[in-house]
Every structure is written in C-alpha cells, then in structure tokens.
Amino acid sequence: MSFPISKTYFLAGLHCPKRLWLSICRPEDASPMSLAAEQRIKQGRAIGVAARESFKNGILVDGTLKHCLEKSWELTMVGAGGGVECLFEPAFLYDDILVRCDVLRRLPSGNWEIIEVKSATKLKDEHIADLTLQHYVLEGLGLTVEKTSLMVVNPMARNWSVVRDRFCYQDVTAAVVRWRQQLPQKLDEFRNLLTESTAPQVPIGSHCDRPYRCPFKDTCWRNVPPISILDIPLLKQDKLQQLMESNIWNLEDIPADFSLTQKQRAFIDRMIEGKPRVDHDLLQRLLAQIQPHQPLYFFDVETHSGAIPRFAGLHPYERCTFQYSCHRLNPDGSLEHFEYLHMEDSDPRLPLLISLLHHIGDRGSVVVYSQSFEKGVLQQLAAAYPSYGNKINQIIDRLWDLQVVFKKAYFHPGFQGSYSLKKVLPVMVPHLSYSNLTIKSGDEAPLVWEALLECTVPDEQKQMAQQLREYCCLDTLGMVEIYRVLERELRGD
Ligand code: SF4
C-alpha cells in the first residue's frame, strides 16, 4: 500500500501505530464521533480563523483540494516583493504526504515561516512533530523554510477583542530541526506497517484515553472484562504492562506474589469477595459532620468553557457557570427543589450568583459530590464578583463532600472500582439512573447549552432546556436519595 498520509494520520501514528493502521485499513471500526470530539474540531477551526486577524494581507486558500494544491503552489512561486506576504491554509503534497499550513508567511529574506495555530495553551510534543512534517513537505518541494513557529491561546487574555493579546507566539525552529532527524525513520516505520495485512500488536493502556478517547477503543477493549486489572487504583504503568504481557486481565488471575501495595491488594480482595462492605463507625462519624447543621442543601453546577471566551470579561478556558440545581432537605424530612438555568446569550454568572445566594440560606451544610469542582467554581465567582465574596466564602466553608463516604467508608463491587456519581447512584438508588436521560454526562451539558443559545426554534430550545434541567436535577436528587440510603443503613432499616 502507498502512504497517502495526512497530518492527521501521521499524528495518529505517533499516538499509537495501531490507531494509524486502523484509521487507514479499518476506518469502519471507529466509533461515531462524540459530541465532545465534534466540539474540539469546531473550536480548532474557530481558533484558526481568529488567528488570521493577527496577520496583514493574508490570502485564504480554499476550494477543492486540487484547486488548493495548484493555488498554493502558484502563490508561493511569486517571488519576494511579488505581493504574496501570507497564506492561510495553503495545501502541499510531496512524497505522498499531504499537509496544510495554518499560516505560511514570507519573511523579509524571501524565505518562509510556517506557523501552526493551536487551541491549546501550552506547547506539546505533538505540535513539534506536526510542524516537522509540514517542514519536510515544503522543503521537499523546494521552498526554503527559515522559521517554524507556534501560536497557542494566551490563557491570560482578558479581552478577546484585543487581537494582539489572543495568542502566545513561540519560535520552535530549533526543536523542529531536532525532530527532523527522526522523521525519515518514523515515515518508514509507518509505511512498513501499512503494508501489513493485520494491525500491529499494541497493548491497550492509559494512552487509549489520553489526550482523548481513541475512536478505536471499543474495538481494542472489547475483550477486557468489566472489572479488570485496569481498575486497580494507582497501579503503575510498568506493573500494568507486566500483567498485560502475561495476558492477565481478571483480578482473580493475579498471582498472590505479584507485588502490589496494601491498598491495591485490599481492593482486589474486596472485588473478588464481591460483597458490599460498610465501615459503620466511620460512616456515622462522617454523617455526624453535617447532621447537626440543618437544613441540608444538595448542590451541583454545570459550567461552560472554551478557547474563545463566549463573554467579555472571561479569559480563555475560564469556567463560566450557567446552571445549578439545589435540593433542600428540611429537618422535618420535606424536600424542596431550586434551580437556575441561564437561557440568554449573555454572561450568566451574576444573575446565577444572585439566584444562588437567594436559594442557599446562611445556615446548613452544602452537600456536593467531589468537592474540588464546586469549590473551584465558587472561588472563581468570588474572584469575579468580590462584593459577594464574603457570602460565597460562607458557602464554601459549609461544603461537605458526599464522595468521601464512598472513598473511605462504603464499598460496593457494583461501583466497579469507581467513586463517580454515575457509577454509585444506580447501585445505591436503582430506580434513579442516567441511562434514560438524553444528557448522560457532565461533558455533554455545556455542549447542549451552547446549542440552546444558538437555537432559533423555540420548541427545540425548550426541549434542550428540559434536558439540561433533568440532568442537573438528577445529580442533586441522586445525592439526596443516596444520603437517605446511608441514614437507613446506619439505622439498620
Ligand atoms: S484503543 Fe488504544 S491500542 Fe487501540 S488503537 Fe486506540 S490507542 Fe491504540
């Protein structure tokens, strides 16, 4: 097979050779693209467009691929001083490798600078590899590339309308020159593996989810048991590798003399035993931390963030809270529900904060699940609206993390080694589950909110608002019901 590689395939190969092989030879095995992946692509494009405003007299090369290849070549052949200073998205093909540069700029010397634009905020190794491939193709075609640079989003940019503040610009020429030394070998490696009729053997592992979930994970992981060595907490990569190489996946098959920490061994023993275990003394002590502080508020928020801040005053990737749900469990056992969902395309933080301070009174514990998230969100609100700082800090002081119960005092094999609410809730409260909801995870909520803001059909907008409310409400109602189960457990009901 020839090597019809693009930057995307090349980077897939660097991530995992098997992923490259599957992408080209078995693309039908990939899972459908997730909403989050679609969003990342959309965001990457928007960042590319935003970056173009940093360059004067740029020409966008678009149209069919054939046209782009011809046009790019033609424009780069116009000599220095011939008017072409900067091209956006020019396409080049050399050695069966197709690349498109985000920006190609002519330097005063008449040579070229390739500029790669990323929605990340930091330089990553893969960015250098990406630029190296572009460098290889352009030089192969006879263009002199004098400089290679990277533009990443400036996380401190306070005002997105100030174009010069949007990006951090970095000359990475030296790193690209170094990477060039390994490029021929990498290309040979990839070309050779694509001549094989079967996928290369690559053990599965944490790389299948980093930096993002691999589209072939369902295929590669299909034989992994629901509870496996991959669930052992804090198991180091070399140990995992050792077990995988011995084809040991089930916890039962781990040799008794295999070196593990005490906690890991205890986890395995409990999972094999398959029975719930509750440390009643500890559970009692934990619940006693909040029981005297009534009423109990069960609280959850949803946030949105993006490389391009949606509203003035936010910096790139700053979390913007657009929704919360709050259940109040009163001392007499009655339950009330309060919520806020921002429905307008405007900064939701202040109206949400005012509503929140109205709903959460100045007494009573505030129960959350995985405290660091809600605490961080509240701290950001306090920083953005200092006049409300004292009131917000009072809420922060009253936060209590329900997840700690499941980390320390309550074990159930049905949690599958996870402490997440999505795993814990269906076991503790079987009649409540996320499986019937349209939105099933916190990652989807901001995408639906964004779609809601952009939607012009009132019925569809209402439907999305309903989906968001149901999702956030289930988080807090779920916490209430879990709390009630824990109380019954202590009473021995
Ligand atoms: S799931 Fe893992 S092993 Fe399989 S192709 Fe993807 S990264 Fe490679």
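Author: Start with helix α5 (residues 125-140), which lies across β6 (103-106), β7 and β8 and runs at about 150 degrees to β7. Helices (H or I, at least four residues) and strands (E, at least two) are DSSP runs, numbered from the N terminus. The angle is taken between N-to-C directions and runs from 0 to 180 degrees, with axes as lines fitted to C-alpha atoms, for helices over the stretch in contact. Contact means heavy atoms within 4.5 Å.

A word on the source: this is a predicted model, in which local features need pLDDT of at least 70 and side-chain atom pairs count only at pLDDT 80 or more, while totals for chains, interfaces and linings use all residues. Residues are numbered from 1 along each chain as its sequence is written, and side-chain values use heavy atoms, with hydrogens and water left out.

Now the sheet under that helix. Six strands form an open sheet with mixed pairing, in the order β2-β3-β6-β7-β8-β9. Two strands pair if DSSP finds at least two bridges between them. Strands of a sheet pair through backbone hydrogen bonds, either parallel or antiparallel. At the edges stand β2 (58-60) and β9 (167-171); each has a single partner strand, so one side of each is left without a neighbour in the sheet. On average, neighbouring strands of this sheet are turned by 20 degrees against each other, direction ignored.

Within the sheet, β7 (residues 112-118) and β8 (residues 145-153) pair in the parallel sense over seven bridges.

A disulfide is a covalent bond between the sulfur atoms of two cysteines. The search counts a pair of cysteine sulfur atoms within 2.5 Å, and over the whole structure it finds zero disulfides. For C101, the closest cysteine sulfur is in C86, 11 Å away, which is too far for a bond. C101 counts as buried because its relative accessibility is 0%; buried means under 20% relative accessible area, exposed over 50%, and partly exposed in between (1.4 Å probe, protein chains only).
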